[in-house]
Amino acid sequence: MGLVAYLKTQFVLQLLLGFVFVVSGLLINFIQLLTCVLWPIDKQLYRRINTRLSYSLWSQLVMLLEWWSGTQCTLYTDQATVDKFGKEHVIIILNHNYEIDFLCGWTICERYGVLGSSKVLAKHELLKVPLIGWTWYFLEIVFCKRKWEEDRETVFRGLERLRDYPEFMWFLLYCEGTRFTEKKHQISMEVAESKGLPKLKYHLLPRTKGFTTALKCLQGTVSAVYDVTLNFKDHQVPTLLGIINGKKYMADMRIRRFPVEEIPEDEKECANWLHKLYQEKDALQEHYHKEGTFPGPTITPPRRLWTLLNFLFWAALLLSPLINFACGVVVSGSPLLILGFSLFLIVASIAIRRLIGVTEVKKTGSSYGDEGSKKQN
């Protein structure tokens with residue numbers, strides 16, 4: 001292990017990274033709160049400002065992926081599809097198998113200029129998570145409880161509100177509804193068998209309501225659906241902790257573009273289209289597991305300096321006073337000050353660890369397969 005790789009694994013450096021992210025995030029959330037006065041005056045100005053504020057926070061996580069860990073993302077798609085990236089409103093369908101799948105999605109958003117305006121249909125519990133949920137609230141993210149009877153009005157209203165969004169947006173949908181685990185997969189395939197649907201090997205049965213509703217509500221706004229199938233070289237199982245420790249992963253993403261005109265408008269036919277899409281995604285994953293690669297030409301978009309420069313700005317702004325304060329505490333020799341500062345570090349490390357825990361596969365719960373879940377489709 002080289003010196004740089006060793007330093008990346010050290011708790012003190014990781015704590016400083018977390019400090020910058022958390023404190024800058026709280027400052028950004030406060031600024032976002034102040035921008036609420038603009039909503040009744042100029043809604044589009046409010047949106048443009050919050051798009052850039054959210055970029056300043058999310059790009060720090062992208063920086064960890066691209067610059068800290070050096071993870072590479074290779075796209076398997078054609079140049080004609082890439083030429084449209086960042087130039088249209090789209091719905092993204094991404095498989096939900098890994099802890100960092102959202103980060104891989106974000107790095108592509110960043111490289112094509114739509115990170116700040118990216119959207120997601122998120123579970124309601126995330127609204128309570130500091131920084132993540134709060135930033136999404138100001139971004140008009142649509143939150144749902146994954147119970148269609150309760151979500152119907154909220155989802156329709158939230159999606160309708162995005163029809164006039166001024167920035168090109170990528171709206172992410174995890175159609176499987178939850179992250180893949182073997183237990184969930186077993187339950188999901190029992191549901192598929194009961195409905196007479198083909199079984200999937202690498203995916204859960206897609207929940208069609210969210211997709212058909214999003215497509216209907218954003219009709220006339222989105223021009224295409226991008227299907228993204230993600231996997232990692234050498235059977236890697238990436239984690240956010242691995243990224244923080246500086247571990248490098250090799251991500252491969254197969255991207256297909258479907259113009260909305262090619263997708264049936266009828267809800268039942270649209271649902272069937274989505275099921276067929278997931279059968280194709282399953283075939284792509286089967287190909288990847290056998291060949292170690294996806295079919296088609298490859299494109300590797302270059303990483304941009306903006307994420308690194310943004311983090312360095314916040315680091316210079318926040319770490320200088322922290323280090324000065326820490327030195328002052330040590331020099332003072334006051335047991336009370338030293339104890340208080342130590343407690344602060346402990347609380348900060350616990351808070352950061354809890355934020356990381358939001359992404360962990362083993363901690364993601366789901367009611368997939370119970371009676372309430374079945375009614376959603």
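Predicted model: local features only at pLDDT ≥ 70, side-chain atom pairs only at ≥ 80, totals over all residues.
Residues are numbered from 1 along each chain as its sequence is written, and side-chain values use heavy atoms, with hydrogens and water left out.

Let me begin with Asp101, which sits in helix H5, residues 101-111; helices here are DSSP runs of H or I with at least four residues, and strands are runs of E with at least two, numbered from the N terminus. Asp101 is buried, meaning under 20% relative accessible area with a 1.4 Å probe, protein chains only. What is the nearest side chain of opposite charge to Asp101? That is Arg179, 4.2 Å away, and Asp101 has no salt bridge, a term that requires a side-chain nitrogen of Lys or Arg within 4 Å of a carboxyl oxygen of Asp or Glu.

Turning to the cysteines, the count of disulfides, pairs of cysteine sulfur atoms within 2.5 Å, comes to zero. The sulfur of Cys109 has its closest cysteine sulfur in Cys73, and because 11 Å separates them, they are too far apart for a bond. For Cys144, also in no disulfide, the nearest cysteine sulfur belongs to Cys175, at 12 Å.

Finally, helix H11 covers residues 267-291, and its buried residues include Trp273, Leu277 and Tyr288. Among the elements covering the buried residues of H11 are strand E2 and helix H9, and after H11 comes Gly292, with a positive phi near 80°.

Technical notes
Buried < 20%, exposed > 50% of the residue type's maximum accessible area, 1.4 Å probe, protein only. Lys, Arg positive; Asp, Glu negative; His and termini not counted. Expected span 1.5 Å × (residues − 1). Contact = heavy atoms within 4.5 Å.
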